[in-house]
Each structure stands twice: as C-alpha cells, then as structure tokens.
Amino acid sequence: MNIADLRDRILNQERRALARAITLVESAREDHRAQAAELLDGLRGAGRQALRIGLSGTPGVGKSTFIESFGMMLTAQGLRVAVLAVDPSSARSGGSILGDKTRMERLSRDKNAFIRPSPSQTHLGGVARRTREAVALCEAAGFDVVLIETVGVGQSETVVAEMSDLFLLLLAPAGGDELQGVKRGIMEMADVILVNKADGDLKPTAMRTCADYAGALRLLRKRPQDPEGFPKAMTVSALEEDGLAQAWEEMQSLTGWRKENGHWEGRRAHQAQYWFHEELRQALLARLETKEAQRLVAAAGAEVAAGDMAPTAAAEKVLGALGITQT
Ligand SMILES: Nc1nc2c(ncn2[C@@H]2O[C@H](COP(=O)(O)OP(=O)(O)OP(=O)(O)O)[C@@H](O)[C@H]2O)c(=O)[nH]1
Ligand SMILES: [Mg+2]
C-alpha cells in the first residue's frame with residue numbers, strides 16, 4: 001500500500017480512500033499499525049478540524065433516528081457529516097451494522113455523509129484508539145461534523161466524551177420523578193441533554209422530563225468551560241424532525257463561546273494528554289501480558305505467597321526484570 005498516495009487521496013476527500021484508511025487503522029497487524037502511524041503523521045499537518053459531537057443514549061432512545069434526521073439537516077446546509085460508533089459489546093456489533101444501515105437509510109445514501117459502523121472489538125482500549133484515529137482521518141478528509149455514537153454502557157461514554165468537542169446525552173421521556181437512573185458522572189459529562197420523542201402522546205411527558213433534567217443540571221457544579229445557561233436540556237423529536245434546528249443553534253453558540261474563550265483548544269489539549277496517559281497505561285499493562293512476564297509474575301507471586309518475599313519487593317523485582325524500572 002502506498003501511504004503517500006492514500007494520504008493525498010484522503011486530503012482530496014475521496015471516500016473510498018477514507019474507508020480504506022479506517023480499515024487500516026482498525027487492523028491489529030503490526031505492519032498495518034506502522035503504516036497507520038505513518039499515515040496519521042502525514043495527515044496531521046493538514047490542520048483540518050471538524051466539530052466532533054459525541055452522542056450517548058440507552059438502546060431504543062432514538063440515537064439512529066436522531067443521527068439520520070440531524071445528519072440530513074446538516075448535509076442539507078451543505079455540511080459534510082461523518083458518523084462513527086463506539087460499541088464495546090462485540091455481540092451487538094454485527095447486528096447494529098445491519099440495523100443502522102436500514103435506520104439511517106437516507107443518510108447512508110447522502111453523498112455528503114459517511115457512515116462507519118463500529119469495529120467488532122471487545123477491548124474498549126482498542127476500540128477507543130481506532131475510533132480516535134478514525135476521527136482524525138475524517139477530519140483530514142474534510143468533514144465538517146463528526147458524530148460519534150455510543151450506547152450507554154459502562155465506560156463507553158467516557159471514551160466518547162474524551163474524544164468529543166461536545167457531548168450530547170439523548171434521553172427518553174419518563175414518567176414519575178425518577179431521573180431514569182442516569183448516573184451523576186454521565187450527567188456531568190453532558191453539554192446538552194436532549195429528551196427525544198417529544199411528539200404525540202409523549203410530548204407532555206417529554207416536557208416534564210426535560211424540566212426535571214434542567215433542574216438537575218442546575219444543581220451540578222458550574223464548569224469553567226460553560227457560558228451562562230449551559231449545560232442545557234431541550235426536547236426534540238428525531239422522528240418528526242422537531243427541535244433539531246434549535247439544538248444545532250445551541251451547539252453552535254456553545255462552540256463559538258468556547259472557541260472565543262480558549263476552552264475549545266484547552267479541551268483538545270487536555271484530551272490529547274488524557275489519551276497519551278491511557279496509551280501509556282495500556283502499553284505498560286500489555287508488557288505484563290507477555291509469556292515471559294506471566295512466568296515472572298507467577299514465580300514472584302509464589303514467593304510472596306510462601307512468605308519468602310514482600311509484595312513490594314516482588315513487584316520491584318518483576319518490573320526490574322522486565323526492564324520497566326532499574327534494578
Ligand atoms: N415517537 C418517537 N419515536 C421515536 C423517535 N426517535 C426514535 N423513535 C423510535 O424509537 C425506536 C428506537 O429508535 P432507534 O433510533 O433505533 O434507537 P437507538 O437508540 O438507535 O437504538 P439502538 O441502536 O438499539 O441502541 C424506533 O422504533 C424509532 O422509530 C421520536 O422522536 N419519536
Ligand atoms: Mg441505533
């Protein structure tokens with residue numbers, strides 16, 4: 001594969017080159033990893049930036065429907081929109097590709113849109129790296145907006161929030177005064193909460209739910225990266241394409257404010273550092289998973305169990321033998 005050629009074709013906004021490059025960054029093969037690194041390095045200088053929007057929501061809340069409606073609205077304005085997904089459950093990946101292709105039927109046929117299903121990977125760290133690299137490729141290919149979707153399970157919201165400029169939380173209308181068991185940590189990540197399905201019989205419930213969340217958001221600690229009035233809760237109907245333009249306006253106004261006040265660059269710099277630390281941590285953990293390391297760990301573990309060595313000393317010994325620390 002000619003990496004310089006692939007680079008030029010991506011900068012030239014060729015979708016097939018982009019698709020091919022994403023396949024390359026998804027590959028775990030060592031030679032592919034090296035080529036991917038070369039490609040990403042070559043594209044960094046292009047300096048293209050998209051608005052990265054993370055979107056999370058539980059199954060059935062309407063993520064696919066929202067992305068289709070919202071995406072179509074943006075492409076109608078002449079914007080180029082890429083859609084990526086972080087799906088930590090490999091079991092679901094196969095099905096969601098098919099499901100989403102049918103649910104995002106109009107968007108997937110739009111020449112200004114690019115939809116890439118999640119790679120089937122169980123290891124969230126691997127998914128995170130690949131998605132991050134896919135985002136960078138989409139930016140280099142001149143997309144204006146990159147939507148990164150995740151179904152709200154476990155750590156995947158954090159992964160998506162840490163690679164997004166804006167984080168949207170999609171919620172369903174809920175009866176009663178229960179705040180749908182949304183974890184505080186997830187609420188704290190949200191820039192805009194969208195209560196979906198605000199249509200037909202569900203509309204009054206959606207409005208009440210929205211008011212509940214607006215109240216809950218006001219109780220959270222004020223974040224420096226927010227202007228007055230943010231984070232914000234709003235109602236939308238992805239199905240009836242209602243409230244989407246308002247939501248987009250709010251996102252743009254928040255983005256504009258953050259750019260003017262240095263928070264946009266600040267957030268990206270912070271995220272780059274976060275991912276550096278994650279990569280470092282994972283590389284170190286991977287060093288402990290080699291056969292040689294496992295053997296050393298087992299031997300030192302046996303000595304510790306027998307009371308022949310202290311835990312700290314044993315850990316130091318293994319790290320030293322692996323060349324991670326000086327002995
Ligand atoms: N009434 C109403 N129904 C909606 C709306 N948005 C989505 N739905 C319906 O909700 C169901 C689930 O929508 P999806 O878009 O597939 O939801 P999802 O969040 O992508 O679901 P998963 O991919 O399974 O996580 C479908 O039957 C949609 O038609 C809406 O705005 N109003
Ligand atoms: Mg879906």
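This is a chat about a predicted model of a protein with a ligand.

Q: Before we start, how are things numbered here?
A: Residues count from 1 along each chain as its sequence is written, while chains are lettered from A and ligands numbered from 1 in the order in which they are written. As the model is predicted, local features need pLDDT of at least 70, side-chain atom pairs count only at pLDDT 80 or more, and totals for chains, interfaces and linings use all residues, while side-chain values use heavy atoms, with hydrogens and water left out.

Q: OK, ligand 1. Which residues come nearest?
A: Lys 63, Ser 64, Thr 65, Asp 199 and Ala 238 do, out of the 16 residues around ligand 1. Being around it takes a heavy atom within 4 Å.

Q: And which helix gives the most to that shell?
A: That's α4, with three residues. Both α4 (63–76) and α5 (90–103) supply at least two residues each. Helices here are DSSP runs of H or I with at least four residues, strands are E runs of at least two, and both are numbered from the N terminus.

Q: What about backbone atoms by the ligand's oxygens, say at Ala 238?
A: A backbone N or O atom of Ala 238 sits 2.9 Å from an oxygen atom of ligand 1. For Gly 62, a polar backbone atom is 3.0 Å from a ligand oxygen.

Q: Switching topic: is Asp 165 buried or exposed?
A: Asp 165 is buried, because its relative accessible area is 4%; buried means under 20%, exposed over 50% and partly exposed in between, using a 1.4 Å probe and protein chains only.

Q: Where is it, and what does Asp 165 touch?
A: Asp 165 lies in the loop between α8 (156–161) and β5 (166–171). Leaving out residues up to four places away in sequence, its contacts include Asp 191, Arg 258, Trp 264 and Arg 267. Contact means heavy atoms within 4.5 Å.

Q: Which residues of α14 are buried?
A: In α14 (residues 311–321), Ala 314, Val 318 and Gly 320 are buried. They're on the same side of α14 because they cover an arc of only 160° around the axis, taken from the directions from the helix axis to the C-beta atoms. What covers them includes α13 (291–305).

Q: Last one: where's the cis peptide bond?
A: It joins Phe 230 and Pro 231, with omega about -10°. Pro 231 is in the loop between α10 (203–219) and β7 (232–235).

Definitions and conventions
A polar contact is a pair of N or O atoms within 3.5 Å; within protein, one must be able to donate a hydrogen and the other to accept it, and residues adjacent in sequence count only if both atoms are side-chain atoms.
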